[in-house]
Amino acid sequence: MTQPTLATLTEDQLADLIAEAAAYRNQPSLRTCLFPGCIKQYDAISHMDGRTPPRPEWSGAGWHILKTSSVFTDGGHLCPLHVPLVTTHMPRLVKTPSGRYTVDCACGWMPPAQRWHRLAATLWQEHLLTANGDLPPAPPTTDPKHRVPLAEHTDATLEELYDRLWDAESDGTEARDVARTSLRAYSQAVPALLGAKTSLEALRQRITLDSRDWTNDKTDAWLWAILVGANCENTDPDHTHNEDCAGDQALWDLGRQHNIPTDQVIRTGHLRWWIANAVNVAQQIEGA
Ligand SMILES: [Zn+2]
Ligand SMILES: [Zn+2]
Ligand SMILES: [Zn+2]
């Protein structure tokens with residue numbers, strides 16, 4: 001076919017040209033679901049413009065786009081069917097101290113670090129298939145059955161081992177720092193808690209041995225409810241409140257007796273619980 005000139009161009013040819021240009025301008029920009037093997041697609045252009053997609057099956061309704069902080073640094077697209085699975089396995093790209101990449105999956109899974117971030121993304125996709133039951137569970141990479149025999153080692157496999165060792169060494173240093181900080185906090189908190197327990201128990205004993213009626217005066221009643229406890233505190237699972245114990249209404253009765261507002265009664269119950277709980281934890285530490 002010869003190229004028409006302006007003089008020979010027919011109306012039909014002109015109409016064809018215009019239609020072709022319009023189709024080119026409006027061609028769909030399809031995005032595919034990131035779930036391996038899923039062939040669902042949507043048209044990003046018409047979805048973004050709020051137009052009807054060229055084909056109904058290209059609708060973007062219910063699709064989800066992962067944030068750029070995920071393993072898909074340019075965003076990953078998820079069809080409505082695969083949104084729930086990926087919500088449980090939301091991936092976050094992590095750069096290790098050795099400059100390599102791994103994935104922090106919402107479920108706690110984390111693959112060995114890789115030098116190329118796309119490989120970490122692919123490992124995460126494999127993890128999705130495993131989580132979905134499409135693949136059998138992966139064996140641990142360092143278990144004796146899957147170790148590489150000496151003769152099969154190459155420069156690359158040795159480098160991989162050294163890189164992993166490097167990561168493990170920096171993990172070990174980090175774990176030691178965490179342990180040291182925790183131990184320091186623990187060694188300060190325990191004597192403080194045991195000391196507070198001794199004081200609280202002395203207060204409680206002083207009040208219970210006093211002959212006065214601690215429910216008569218409003219402030220006395222408040223001190224008594226917090227330091228001794230108005231309600232029965234028997235935590236034995238076989239215990240049911242009876243006539244010999246204080247039951248679970250005594251604090252409310254005290255509140256009514258002194259016209260204390262409900263929220264302040266509830267607050268007093270909390271203050272009592274914190275003290276009882278602190279004394280209880282301190283006793284467990286002493287008994288350990
Ligand atoms: Zn899908
Ligand atoms: Zn996961
Ligand atoms: Zn009781």
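This is a predicted model: local features need pLDDT of at least 70, side-chain atom pairs count only at pLDDT 80 or more; totals for chains, interfaces and linings use all residues.
Residues are numbered from 1 along each chain as its sequence is written, and chains are lettered from A and ligands numbered from 1 in the order in which they are written. Local features need pLDDT of at least 70 and side-chain atom pairs count only at pLDDT 80 or more, while totals for chains, interfaces and linings use all residues.

Helices (H or I, at least four residues) and strands (E, at least two) are DSSP runs, numbered from the N terminus. Helix α1 spans 21 Å between its first and last C-alpha, close to the 21 Å expected at 1.5 Å a residue; the expected span is 1.5 Å times one less than the number of residues. The helix is hardly covered, with a count of 0 buried residues among its 15. A residue is buried if 20 or more other C-beta atoms lie within 10 Å of its own, exposed if 12 or fewer, and partly exposed in between, with C-beta atoms placed from the backbone.

A nonpolar core is a set of buried Ala, Val, Leu, Ile, Met, Phe, Trp, Tyr and Cys residues joined through C-beta atoms within 7 Å.

| Core | Residues | Members include |
|---|---|---|
| Largest core | 16 residues | Val 71, Ala 120, Trp 124 |
| Another core, apart from it | 8 residues | Ala 221, Leu 227, Ala 230, Leu 251 |

Within the largest core, Val 71, Ala 120 and Trp 124 have the most contacts. Strand β6 (101-105) and helix α4 (117-131) each supply at least two of its residues, and α4 gives the most, with 5 residues.

Asn 259 lies in the loop between α7 (250-257) and α8 (262-287). Its phi is near 55°, a positive value in a residue other than glycine. Asn 259 counts as exposed because it has 7 C-beta neighbours inside 10 Å.
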